[in-house]
Amino acid sequence: MELSNREFWTVVHGLALGTLFLLAFTGGLAGLWSLRPGFLTTTGLKERMTRMYLGTWIMAVTAWLTVISGTWIVYPWYRAQLAPVGDDPFAGCAGAVVPTSTCSPRDFLLSGVSGNTQAWHRFGMEWKEHISWAAPMLATAAAFVVVYYGPRLIGRPWLRAATIVMFVAAFAAAAIGGAFGAFLNKVAPII
Amino acid sequence: MTTDTTRHIPPELAGLNPPPKKDGPAAAVILAAGVGIFVLGLFTLLNEASGAVHDFLEGFDPGRGVGPLAGKTILAVVAFALTWLVFGLIWRRKDVPIKSVFWVALALGTAGAVMMFPPVFEAFA
């Protein structure tokens, strides 16, 4: 069993960091949801807060690492223009059934040699590469609010709800990126 | 401007007796997230609308092949960090109307997300 350098980074970007992000989100959301009057004892509250601080900051850090690795390491491999020969922008993709050394995933999708695949790039990748960057900013804001106020959020139901909105919006942005990333890696894998 | 006036001390908090916190620092980071997302959306749209902006954004890429996405994301993160820093300092010891700040940030973030939606920004190509 071995992974190429590119496979290793796509696994780190999509699978390892993505899984950690998902775990941190579910833990953080459960903690935030139950941070209400009458749900916890003072002792339980102390124990819960430590986990929430960890969960929210792990989510924020993994979100940053995911978008940075995605944009600066994986994306250039996806985006490389390898196929143009002369006037034909997709000559290198002729007969390809998956991306090759002369046909990057972007070339492959836009060329349409394997069916009607252009929308995977024009809609899927274009949306994913931008909206994903909202996740770390929202997750950082939510993590800061949780750590700054700590258990005081119990007495601030509106602020707790606003924090949940940011937290869930961070997840939604990451989910769009993650879902399209998984589909794109099926349709046009980075090899 | 509205303020979050729904503050009360629940019994489980009375045992911890935490000192009150000013809303300024939290309002600063909430606003920063909205500004960061708005800047990313704005440059995503302007990248399609203007060749000059496209070239400007591509100039942030140090030859790695990221293209204009380099400029969009770097400028968005700078806007996020600067807004947090500046408003964090200005509002450090202030009780600002955090509800109003949240609504402003939500409006900015929503506008940014709309501008990042491909059918929207491609309409300006």
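Let's start inside chain B. Helix α2 (residues 24-49) and helix α4 (residues 68-90) of chain B have axes that come within 8 Å and cross at roughly 155°. Helices here are DSSP runs of H or I with at least four residues, strands are runs of E with at least two, and both are numbered from the N terminus. Axes are lines fitted to C-alpha atoms, for helices over the stretch in contact, and angles run from 0 to 180 degrees between N-to-C directions.

So how do α2(B) and α4(B) lie to each other? They are roughly antiparallel, as a consequence of that angle. The cut-offs are these: under 35 degrees is roughly parallel, over 145 roughly antiparallel, 65 to 115 roughly perpendicular, and the rest oblique. The crossing of α2(B) and α4(B) is right-handed. Right-handed means that the near helix is turned clockwise from the far one by less than a right angle; anticlockwise is left-handed.

Who makes up this contact? The residues where α2(B) meets α4(B) divide into 18 nonpolar, 7 polar and 1 charged. Nonpolar covers Ala, Val, Leu, Ile, Met, Phe, Trp, Tyr, Cys and Pro; charged covers Asp, Glu, Lys and Arg; the others, Gly among them, are polar.

A word on the ground rules. This is a predicted model, where local features need pLDDT of at least 70, side-chain atom pairs count only at pLDDT 80 or more, and totals for chains, interfaces and linings use all residues. Residues are numbered from 1 along each chain as its sequence is written, and chains are lettered from A and ligands numbered from 1 in the order in which they are written.

Now chain B as a whole. It has 6 helices and 0 strands. Along the sequence the pattern is α-α-α-α-α-α. Its radius of gyration is 19 Å, well over the 14 Å that the globule rule gives for 125 residues, so chain B is more spread out than a compact globule. That radius is taken over C-alpha atoms, and the rule is 2.2 Å times the number of residues to the power 0.38. The C-alpha trace of chain B spans about 60 × 30 × 25 Å along its principal axes.

How much of chain B is buried? Of its 125 residues, 43% count as buried. Buried means 20 or more other C-beta atoms within 10 Å of the residue's own, exposed means 12 or fewer, and partly exposed is in between, with C-beta atoms placed from the backbone.

On to chain A. From the N terminus they run α-α-α-α-α-α. The radius of gyration of chain A is 21 Å, well over the 16 Å that the globule rule gives for 191 residues, so chain A is more spread out than a compact globule. Its C-alpha atoms fill a box of roughly 70 × 35 × 20 Å along the principal axes. Of the 191 residues of chain A, 45% count as buried.

α1(A) and α2(A) pack at about 155°, with axes 8 Å apart. That makes α1(A) roughly antiparallel to α2(A). Their crossing is left-handed. By class, the contact of α1(A) with α2(A) has 16 nonpolar, 12 polar and 3 charged residues.

Is A:L29 buried or partly exposed? It has 19 C-beta neighbours inside 10 Å, so A:L29 counts as partly exposed. A:V168 is 139 residues away along the chain, yet the two C-alpha atoms are separated by 7.9 Å.

Next pair: α4(A) and α6(A). Their axes come within 8 Å and cross at roughly 140°. α4(A) and α6(A) are therefore oblique to each other. This crossing is left-handed. Among the contact residues are A:W120 and A:W127 of α4(A), and A:F180 and A:F183 of α6(A). The classes here are 10 nonpolar, 3 polar and 1 charged.

Last, the two chains together. 38 residues of chain A are in contact with 37 residues of chain B. Contact means that C-beta atoms, placed from the backbone, lie within 7 Å. On the chain A side, α2 (42-79), α4 (118-131), α5 (134-149) and α6 (157-187) each give two or more residues. Which element gives the largest share? α5(A) does, with 8 residues. By class, that side of chain A has 26 nonpolar, 6 polar and 6 charged residues.

Technical notes:
Two residues are in contact if their C-beta atoms, placed from the backbone, lie within 7 Å.
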